[in-house]
Amino acid sequence: MDIQTDIVNKVAQSGIITVDLAKFKPTGELVEYDIKDNLFHGLILKEKDFRDFIKTHDWSAYAGKHVAITCSTDAIVQTWAYMLLATKLEPFAKTVVFGDLVELERILYAQTIAEIDMSEYTDQRVVVKGCGDIKIPESAFVQFTTALAKVAKSIMYGEPCSTVPVFKRK
(Lines give C-alpha, C1' and ligand atoms only; values in the text may rest on other atoms or scores of the structure.)
Protein backbone atom coordinates (compact mmCIF):
# COMPACT_ATOMS: atom_id res chain seq x y z
CA MET A 1 0.00 0.00 0.00
CA ASP A 2 1.29 3.44 -0.95
CA ILE A 3 1.48 6.12 1.69
CA GLN A 4 0.30 9.51 0.50
CA THR A 5 2.96 12.09 1.29
CA ASP A 6 1.28 15.21 -0.01
CA ILE A 7 -1.85 16.18 1.87
CA VAL A 8 -3.81 18.74 -0.10
CA ASN A 9 -6.01 21.21 1.74
CA LYS A 10 -8.85 21.59 -0.75
CA VAL A 11 -10.67 24.05 1.50
CA ALA A 12 -7.69 26.43 1.43
CA GLN A 13 -7.47 26.10 -2.36
CA SER A 14 -11.18 26.71 -2.91
CA GLY A 15 -10.94 30.50 -2.84
CA ILE A 16 -13.69 30.69 -0.23
CA ILE A 17 -13.54 33.70 2.06
CA THR A 18 -14.58 33.03 5.65
CA VAL A 19 -16.11 35.89 7.64
CA ASP A 20 -16.45 35.61 11.41
CA LEU A 21 -18.96 38.19 12.63
CA ALA A 22 -17.42 37.89 16.09
CA LYS A 23 -14.65 40.19 14.86
CA PHE A 24 -17.30 42.93 14.65
CA LYS A 25 -18.35 42.49 18.29
CA PRO A 26 -18.73 45.85 19.95
CA THR A 27 -15.73 46.94 21.96
CA GLY A 28 -15.95 48.85 25.19
CA GLU A 29 -18.13 48.42 28.22
CA LEU A 30 -21.89 48.02 27.76
CA VAL A 31 -23.92 49.26 30.73
CA GLU A 32 -27.58 49.68 31.50
CA TYR A 33 -29.14 52.68 33.22
CA ASP A 34 -32.41 51.51 34.77
CA ILE A 35 -34.70 54.42 35.60
CA LYS A 36 -36.57 52.20 38.06
CA ASP A 37 -34.05 53.32 40.67
CA ASN A 38 -35.43 56.86 40.30
CA LEU A 39 -39.06 55.87 40.82
CA PHE A 40 -40.98 56.56 44.02
CA HIS A 41 -42.01 53.15 45.41
CA GLY A 42 -40.91 51.69 42.08
CA LEU A 43 -43.99 53.11 40.36
CA ILE A 44 -44.01 56.88 40.04
CA LEU A 45 -41.47 59.34 38.71
CA LYS A 46 -41.60 62.53 40.75
CA GLU A 47 -40.38 65.30 38.49
CA LYS A 48 -38.84 67.50 41.21
CA ASP A 49 -36.92 64.61 42.79
CA PHE A 50 -35.82 63.34 39.40
CA ARG A 51 -34.57 66.77 38.30
CA ASP A 52 -32.66 67.12 41.59
CA PHE A 53 -31.05 63.75 40.96
CA ILE A 54 -30.18 64.74 37.38
CA LYS A 55 -28.39 67.88 38.65
CA THR A 56 -26.34 66.13 41.33
CA HIS A 57 -25.51 62.74 39.80
CA ASP A 58 -21.93 62.14 38.58
CA TRP A 59 -22.50 61.43 34.89
CA SER A 60 -18.76 61.15 34.23
CA ALA A 61 -19.00 57.58 35.57
CA TYR A 62 -20.39 56.71 32.11
CA ALA A 63 -17.42 58.16 30.21
CA GLY A 64 -16.50 56.06 27.18
CA LYS A 65 -19.21 53.48 27.84
CA HIS A 66 -22.10 52.31 25.70
CA VAL A 67 -25.29 52.99 27.69
CA ALA A 68 -28.75 51.49 27.34
CA ILE A 69 -31.49 53.46 29.10
CA THR A 70 -34.35 51.23 30.25
CA CYS A 71 -37.11 50.77 32.79
CA SER A 72 -37.36 47.22 34.06
CA THR A 73 -40.62 47.77 35.93
CA ASP A 74 -44.17 48.17 34.63
CA ALA A 75 -44.21 51.85 35.60
CA ILE A 76 -45.37 54.46 33.15
CA VAL A 77 -42.47 56.81 32.59
CA GLN A 78 -42.91 59.96 30.59
CA THR A 79 -40.76 60.21 27.46
CA TRP A 80 -39.18 63.48 28.60
CA ALA A 81 -37.49 61.59 31.46
CA TYR A 82 -35.60 59.36 29.00
CA MET A 83 -34.77 62.42 26.93
CA LEU A 84 -33.40 64.20 29.99
CA LEU A 85 -31.22 61.19 30.84
CA ALA A 86 -29.95 61.11 27.27
CA THR A 87 -28.87 64.76 27.42
CA LYS A 88 -26.88 64.11 30.59
CA LEU A 89 -25.27 60.89 29.33
CA GLU A 90 -24.44 62.14 25.81
CA PRO A 91 -21.41 64.30 26.73
CA PHE A 92 -19.74 61.34 28.43
CA ALA A 93 -21.03 58.07 26.97
CA LYS A 94 -19.75 56.67 23.71
CA THR A 95 -23.29 55.57 22.77
CA VAL A 96 -26.72 56.19 24.31
CA VAL A 97 -29.79 54.18 23.26
CA PHE A 98 -33.19 53.31 24.65
CA GLY A 99 -33.53 49.61 25.36
CA ASP A 100 -31.83 46.83 27.28
CA LEU A 101 -28.31 45.46 26.88
CA VAL A 102 -29.45 43.04 24.16
CA GLU A 103 -30.89 45.93 22.13
CA LEU A 104 -27.75 47.98 22.71
CA GLU A 105 -25.58 45.16 21.37
CA ARG A 106 -27.86 44.79 18.32
CA ILE A 107 -27.56 48.50 17.58
CA LEU A 108 -23.77 48.48 17.95
CA TYR A 109 -23.44 45.47 15.65
CA ALA A 110 -25.70 47.21 13.12
CA GLN A 111 -23.55 50.35 13.18
CA THR A 112 -20.36 48.36 12.68
CA ILE A 113 -21.79 46.20 9.88
CA ALA A 114 -23.14 49.28 8.09
CA GLU A 115 -19.57 50.61 7.90
CA ILE A 116 -18.07 47.48 6.28
CA ASP A 117 -16.70 47.97 2.78
CA MET A 118 -18.45 45.13 0.97
CA SER A 119 -16.42 45.64 -2.21
CA GLU A 120 -13.80 43.14 -1.02
CA TYR A 121 -16.48 40.45 -1.33
CA THR A 122 -17.47 41.33 -4.91
CA ASP A 123 -17.97 38.12 -6.93
CA GLN A 124 -16.53 36.04 -4.08
CA ARG A 125 -17.71 32.84 -2.46
CA VAL A 126 -18.24 33.71 1.19
CA VAL A 127 -18.83 31.54 4.23
CA VAL A 128 -20.31 33.34 7.22
CA LYS A 129 -18.94 31.50 10.23
CA GLY A 130 -21.69 30.09 12.36
CA CYS A 131 -19.96 28.50 15.31
CA GLY A 132 -17.98 30.24 17.98
CA ASP A 133 -17.64 31.16 21.61
CA ILE A 134 -19.17 34.61 21.15
CA LYS A 135 -22.97 34.89 20.89
CA ILE A 136 -23.82 37.00 17.87
CA PRO A 137 -27.33 38.42 17.47
CA GLU A 138 -29.33 36.97 14.59
CA SER A 139 -29.95 40.54 13.46
CA ALA A 140 -26.22 40.86 12.70
CA PHE A 141 -26.35 37.78 10.46
CA VAL A 142 -29.41 39.13 8.65
CA GLN A 143 -27.95 42.60 8.13
CA PHE A 144 -24.59 41.25 6.97
CA THR A 145 -26.26 38.79 4.59
CA THR A 146 -28.50 41.41 2.98
CA ALA A 147 -25.50 43.67 2.34
CA LEU A 148 -23.34 40.77 1.17
CA ALA A 149 -25.97 39.42 -1.25
CA LYS A 150 -25.65 42.62 -3.29
CA VAL A 151 -22.02 41.82 -4.21
CA ALA A 152 -21.09 38.19 -3.45
CA LYS A 153 -21.17 35.32 -5.92
CA SER A 154 -22.44 32.97 -3.21
CA ILE A 155 -23.07 32.97 0.52
CA MET A 156 -22.85 29.96 2.78
CA TYR A 157 -23.29 29.51 6.52
CA GLY A 158 -21.13 27.34 8.77
CA GLU A 159 -17.50 26.33 8.29
CA PRO A 160 -15.70 25.94 4.93
CA CYS A 161 -15.63 22.15 5.42
CA SER A 162 -19.36 21.94 6.18
CA THR A 163 -21.64 24.67 4.90
CA VAL A 164 -25.28 25.39 4.30
CA PRO A 165 -25.95 27.27 1.04
CA VAL A 166 -27.76 30.54 1.63
CA PHE A 167 -27.47 32.51 -1.62
CA LYS A 168 -26.12 32.02 -5.12
CA ARG A 169 -26.02 34.72 -7.79
CA LYS A 170 -27.52 33.59 -11.09
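This is a predicted model: local features need pLDDT of at least 70, side-chain atom pairs count only at pLDDT 80 or more; totals for chains, interfaces and linings use all residues.
Three strands make up an open sheet in the order β2-β3-β4, and their pairing is parallel. At the edges sit β2 (30-34) and β4 (95-98), each of which pairs on one side only. Direction ignored, neighbouring strands here are turned by 25 degrees against each other on average. Strand β3 (residues 66-70) runs parallel to β4, and 4 bridges join the two. Within this pair, Ala68 of β3 stands opposite Val97 in β4. Helix α3 (residues 79-89) lies across β2, β3 and β4, and runs at about 165 degrees to β3.

Next comes helix α5, which spans residues 138-148 and has Ala140, Phe141, Phe144 and Leu148 as its buried residues. Looking down the axis of α5, these residues fall within an arc of 100 degrees, so they line one face of the helix. The other side of α5 is where Glu138 and Val142 are found, both exposed. As for what covers the buried residues of α5, the cover includes β1 (16-19), α4 (101-114), β5 (125-129) and β6.

Ser154 counts as buried because its relative accessibility is 9%, under the 20% cut-off. Setting aside neighbours within four places in sequence, Ser154 is in contact with Gln124, Arg125, Val126, Phe167 and Lys168.

Definitions and conventions:
Residues are numbered from 1 along each chain as its sequence is written. Side-chain values use heavy atoms; hydrogens and water are left out. Buried means under 20% relative accessible area, exposed over 50%, partly exposed in between (1.4 Å probe, protein chains only). Contact means heavy atoms within 4.5 Å. Two strands pair if DSSP finds at least two bridges between them. Axes are lines fitted to C-alpha atoms, for helices over the stretch in contact, and angles run from 0 to 180 degrees between N-to-C directions. The arc is that of the directions from the helix axis to the C-beta atoms.
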